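Please look at the chain below. What can its strands and helices show us?

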Amino acid sequence: LSHVHSIIGTRTAQLCSSMGLVCSAPKVYKPAAEVDLGPDSDEHYISPNVKAPRVAGLPVKMFAWVLETPVLGPLLLYVLKKDNLVNKLVSDADIPEPPLFTPTHTWQDIPEQNVSLAKPGWSPAARAQEAIDCLPDLADPSSPGFRRWKIRDFAKAYSSGEITPVMVARRFLAAVEECSGPDLNMALFISYDPEDIVRQAEESTLRYQQGAPLSAMDGVLVAVKDEIDCLPYQTTGGTSWLGKMRPCVADAACVAQLRACGAVLAGKTNMHELGAGTSGINPHHGSTRNPYHTARVSGGSSGGSAAAVCAGLCPVALGADGGGSVRMPAALCGVVGFKPTAGRLSNSGLLPLNWTVGVPGILAATVEDALIAYAAMVDQSRPAHSQPQLNLPMLTSTHCMPNIRLARYGKWFNDSSDNIRGCCDKALQILRAHYGWETVDVTVPEVEEMRLAHYVTMGAECSASLAAKYLEKLDKSEIGWDVRIALSAYGSFSSRAYLNAQRIRNRQMYFHNKIFETADAIVTPMTGVTAYALQDDALRTGELDYINAAAISRYSIAGNFLGLPAITVTVGYDRGGLPVGLQFIGRPWAEATLLHLAYAMQEACSKSCRKPMVSFDLLSKKE
């Protein structure tokens, strides 16, 4: 493969030379230890230099056709990568560090404040109960303002007998049918089985009637992104073909743990095809719409899960996060998006689309719900001596946490829309006023270089994972036009590009570890823009909107490329009423601290929470 890419690269360079295209000199990196991370560093910040206009409909088909031709395709890819600085900053760069191929972290016993230590060997239900014991009392449901129902609200209603899991399951099915109708056309789910959902709910109802629920999650609806195995469904990855070629024979590990807690698995949510986009537009299964404004995108690739939680169909949904695919749609849809440290949750049963950056993640109505689901799903299958310690945050005492330091890189933080910048700045002021937490200025170097290195890594791994086993056996007409373009780009990266991307990973790991020596978390906006318009010409072909894609993914990369835990919570709304998310990126294995920070932020902003345009109340006492 590298030989083929070398031939393509040589031919392309010759073509460019004959056409008068001059390549700029590749970047020569100085050793990471010599880079200044202080607030007054002279490190240059590069904002994504994306100039390509948005393309959809027939032009997308034409673009895909050109990319797939033997001569014009490599030439066009070369020009595109040159324009996006991939060659200069990654492929051809001179980087002194050795490559780091996986973002693995050894366990470091860094003390976390106000935590409860979960014992190894506890069952998923026992861990979920321990998480519940860390939570403050439920708020009065009659208090003014909009609030989403939490896991504990469902458990309380079921225990009282006023409402049963069967009643909620039937309301859920009616709501999904309404969402799928022509008036809303939300495209939240790829598949759901009413008979299976009701069967699970009936079993849960019986357990409550016998006074023996498996856990507080018993009977609680949980939706699953269609990138994660969950019986009785096939896993399509958002395609029209993968479910036929790769049978699903067992639940993914994280799904099995939730099932052991009695959760009602409510079907497979929609996603951007193969996770290869940030909009949630899917020509095969419909384009997921944002419940806050149905003419706007949900984000991707876990858009169906984010929108289902936002609309009140479930308090928790599972997603997969390879480049912000949980956190970006969570921010656009105004819910919590949580990606733990790489290795904290098992990847077993997750499509291996990009194995060094992709992990399961959680979308939730509230931080409390994210904590309960996380506690239940933690992978404790490794031997005790190699098992990272599991701290659960005692959210009853979040307000008592002094001396929290949040690192902020001003040039990066401010590279967002005015609305987002204003909301996020105000959020940090609130944290300082309420809790005395300090924001410290730092420099996070080479942010754009990291974004491009992650793209090379993700693309190369996706291509290697799918090409021989699936793509070479497919008729290309079965793949969406926008994804055909992405796959053409993914398959063009050379072995040198991949190796250099891993060298950049090593540098970034060093930079972030140094920043975490003096800060508890790095704080950024979650996205550079709020949910943008879903346009009709993209519904059948997808779209190429690299300007919005680069803005949406601007802050998401470190969590995946470096395997760091990260979480986003809503801190306000733009002038059009669309949600704005703030992100905390934490030290490896410091999920408890991140959940404390996110909970503090959530509570400080709770009175300003707005109800989505599409919203369902599954616990209503009115039939």
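## A pair of strands

Leucine 406 stands opposite alanine 521 of S14. The two strands involved are S12 (residues 405–408) and S14 (residues 521–525), which pair in the parallel sense over two bridges. Strands pair if DSSP finds at least two bridges between them. Helices (H or I, at least four residues) and strands (E, at least two) are DSSP runs, numbered from the N terminus.

This is a predicted model: local features need pLDDT of at least 70, side-chain atom pairs count only at pLDDT 80 or more, and totals for chains, interfaces and linings use all residues. Residues are numbered from 1 along each chain as its sequence is written, and side-chain values use heavy atoms, leaving out hydrogens and water.

## The sheet

Eleven strands make an open sheet with mixed pairing. Their order is S3-S5-S4-S8-S10-S9-S16-S17-S14-S12-S13. Strand S3 (189–191) and strand S13 (438–441) are the edges, and each pairs on one side only.

## Two helices crossing

The axes of H7 (residues 165–180) and H8 (residues 194–209) come within 7 Å and cross at roughly 160°. Axes are lines fitted to C-alpha atoms, for helices over the stretch in contact (heavy atoms within 4.5 Å), and angles run from 0 to 180 degrees between N-to-C directions. H7 and H8 are therefore roughly antiparallel (an angle over 145 degrees) to each other.

## A covered helix

Helix H16 (residues 447–466) has 18 of its 20 residues buried, meaning under 20% relative accessible area with a 1.4 Å probe, protein chains only.

Technical notes: Buried means under 20% relative accessible area, exposed over 50%, partly exposed in between (1.4 Å probe, protein chains only). Angles under 35 degrees count as roughly parallel, over 145 as roughly antiparallel, 65 to 115 as roughly perpendicular and the rest as oblique.
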